[in-house]
Amino acid sequence: MTNTAPILVVFGIDGEGKPRASRFAERDAELAAKAAGLLGFRLAWVTDEAGRAIAQALPDGNVFARGNGFVRLVRQSAFDKLSAAVDGAAAAIPEKAEV
Amino acid sequence: MSNKSKPSELDRATRLVRRICQIAGDPRLIDKLTRDLAKRGVRSAILRGDTPVLFDWLLETISYQGIGNHVAHGYMQRHGRVRWNEIAALIEAHPSCPKLQSYWHFDHCGYQKVERCCAEPDHFPACPLPTHDLRNGRLNQAAYRLFLFMRDVADGDFVGWIDRRLADADLASAPDRAARLRQAVVDPLTHAYGVSNKVLSMALADFLLAGDSQRVLWIEAGAVMIAVDTLVHNFLHRTGILGRLGAGHPYGPACYAPAGCAEILERIAGNIDARRFNPAFPANFPRFVQHAVWAFCAESGLDQCNGRQIDDRKRCTRHECPVFRQCDRVPLKP
């Protein structure tokens, strides 16, 4: 059976201009949202198939890690694909794509 | 851990450690911890959900790491301790350093007490962190990290946070239930405090075991928290338990890695019913077993198996040791 559960991702550009993105477990959603908000990162639930494939390939984030340990560095290409997937979904169904 | 002859080697190790529990196990372990926590106001703070008191206790307990207890205690007596309310007041004044904004911002602070420097030199003159006269700069950083953790991650409710973490890890049928319960609390706090698994396990084991007898999950989690120090590691080495189980490793992080000292002690403890030492104990009580090993070895305990008693270049010759015949007497530094 194919897993179609939404994937929680946090992403953004850090203080040094580097792209960062990670996925988080659903149970960490509340803390991930809090930390993302404080650090100025974006948070989204990725629901569509193409976006899920991109999100699956992201490194795991850690809500208990501080600084750069919270969201990991990723390649610019992966970051761009994730941004496009999230923003594309947001444009289609904005009230559901972003948390 | 080697699979070859594992059951019989584990049985042998269990017999030896059970004997140690008979000699050095403390049937009043939980009672003593309970009295100590009550005396320090920790038990009532748990019932009230009083995070500031719990912060003060945990910080002080962990401040004893890496130095003799009397030295750490003496320093705190002379220079004072840092308290939740002091840090809260200083943080509420919105210091300029960007690292003090939240738990997640507080990374690579870099404060060094003697050099009087940090990673944000422009903000150093107005920074509240160096204002506390602690034994070293790492403790200042640890105090702020722990404060920010309790404020931001635990939302100011440390008791509730532990309850939730343990409830989430409470999967009755999981084969690694003990490890899950332990990790649920220890792993996040390791990030928060930046100390070793050993130091945190020691502090949290006592806290959870004796903090509130009504919190069953706390007791179960505290019972499986094992503190592996050099005495415990060296005991497992000298007795031949590590070697026979194919688990030789140097003292350090490997003690908590798979097939390390902690896992071995946990497996041995699983074969020892601690209720035989005190019917009120949980049946599976690795912390009791580890504490018995420590007490057997330590100078401040029974003073049987340590570097002062044994010439570690050779096989132990202490015929008077109560487990001499059961021990492989493997030299530590041949």
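A residue is called buried here if 20 or more other C-beta atoms lie within 10 Å of its own, exposed if 12 or fewer do, and partly exposed in between. The model described below is predicted, and this count is applied to it throughout.

The buried residues of α8(B) are B:Phe158, B:Val159, B:Ile162, B:Arg165 and B:Leu166. These residues cover an arc of only 130 degrees around the axis, which means that they sit on the same side of α8(B). The face turned away from that buried side carries two exposed residues, B:Ala167 and B:Asp168. The buried residues pack against α3 (42-48), α4 (51-62), α7 (137-153), α9 (177-193) and α11 (216-223) of chain B. The length of the helix can be checked as well. Helix α8 of chain B runs over residues 158-169, and at 1.5 Å a residue its 12 residues should span 16 Å; the end C-alpha atoms are 17 Å apart, which agrees.

Helix α15 of chain B, residues 286-297, passes the length check too: 12 residues at 1.5 Å each should span 16 Å, and the end C-alpha atoms are 17 Å apart, which agrees.

The axes of helix α10 (residues 197-210) of chain B and α11(B) come within 7 Å and cross at roughly 145 degrees. This crossing is left-handed. On the α10(B) side the contact is made by B:Leu204, B:Ala205, B:Leu208 and B:Leu209, and on the α11(B) side by B:Trp218, B:Ile219, B:Ala221, B:Gly222 and B:Ala223. Sorted by class, the contact of α10(B) with α11(B) has eight nonpolar residues, one polar residue and no charged residues.

Single residues show how the chain folds back on itself. B:Leu236 is found in helix α12 (residues 230-238) of chain B. Is B:Leu236 buried or exposed? B:Leu236 has 28 other C-beta atoms within 10 Å, so it is buried. Leaving aside neighbours within four places in sequence, B:Leu236 is in contact with B:Ile241, B:Leu242, B:Cys261 and B:Ile264. B:Leu236 and B:Cys327 are 91 residues apart in sequence, yet their C-alpha atoms are 9.9 Å apart in space.

B:Pro331 lies in the segment after α15 of chain B. This residue has 14 C-beta neighbours inside 10 Å and therefore counts as partly exposed. Not counting residues up to four places away in sequence, B:Pro331 touches B:Asp312, B:Arg313, B:Lys314 and B:Arg315. The C-alpha atoms of B:Pro331 and B:Gly240 are separated by 9.4 Å, although the two residues are 91 residues apart along the chain.

Two loop residues of chain B deserve a look for their backbone angles. B:His94 is found in the loop between α6 (84-92) and α7 of chain B, and its phi is near 55 degrees, a positive value in a residue other than glycine. B:His94 counts as exposed because it has 8 C-beta neighbours inside 10 Å. B:Asp155 lies in the loop between α7 and α8 of chain B. The phi of B:Asp155 is near 55 degrees, again a positive value in a residue other than glycine. With 14 other C-beta atoms within 10 Å, B:Asp155 is partly exposed.

Chain A has four helices and three strands. From the N terminus on, its elements run β-β-α-β-α-α-α. Of the 99 residues of chain A, 35% count as buried. Among the contacts in chain A with a separation of 6 or more, 69% come from residues 24 or more positions apart. A:Glu26 lies in the loop between β2 (19-24) and α1 (29-39) of chain A. With 12 C-beta neighbours inside 10 Å, A:Glu26 counts as exposed. The C-alpha atoms of A:Glu26 and A:Val9, 17 residues apart along the chain, are separated by 9.9 Å.

Finally, the two chains touch. The contact takes 11 residues from chain B and 11 residues from chain A. The side of chain B that touches chain A has five nonpolar, four polar and two charged residues.

Key: Residues numbered from 1 in each chain as written. Chains lettered and ligands numbered in written order. Predicted model: local features only at pLDDT ≥ 70, side-chain atom pairs only at ≥ 80, totals over all residues. Contact = placed C-beta atoms within 7 Å. Nonpolar A, V, L, I, M, F, W, Y, C, P; charged D, E, K, R; others polar. Expected span 1.5 Å × (residues − 1). Arc of directions from axis to C-beta. Axes fitted to C-alpha atoms, helices over the stretch in contact; angles between N-to-C directions. Left-handed = near helix turned anticlockwise from the far one by under 90°.
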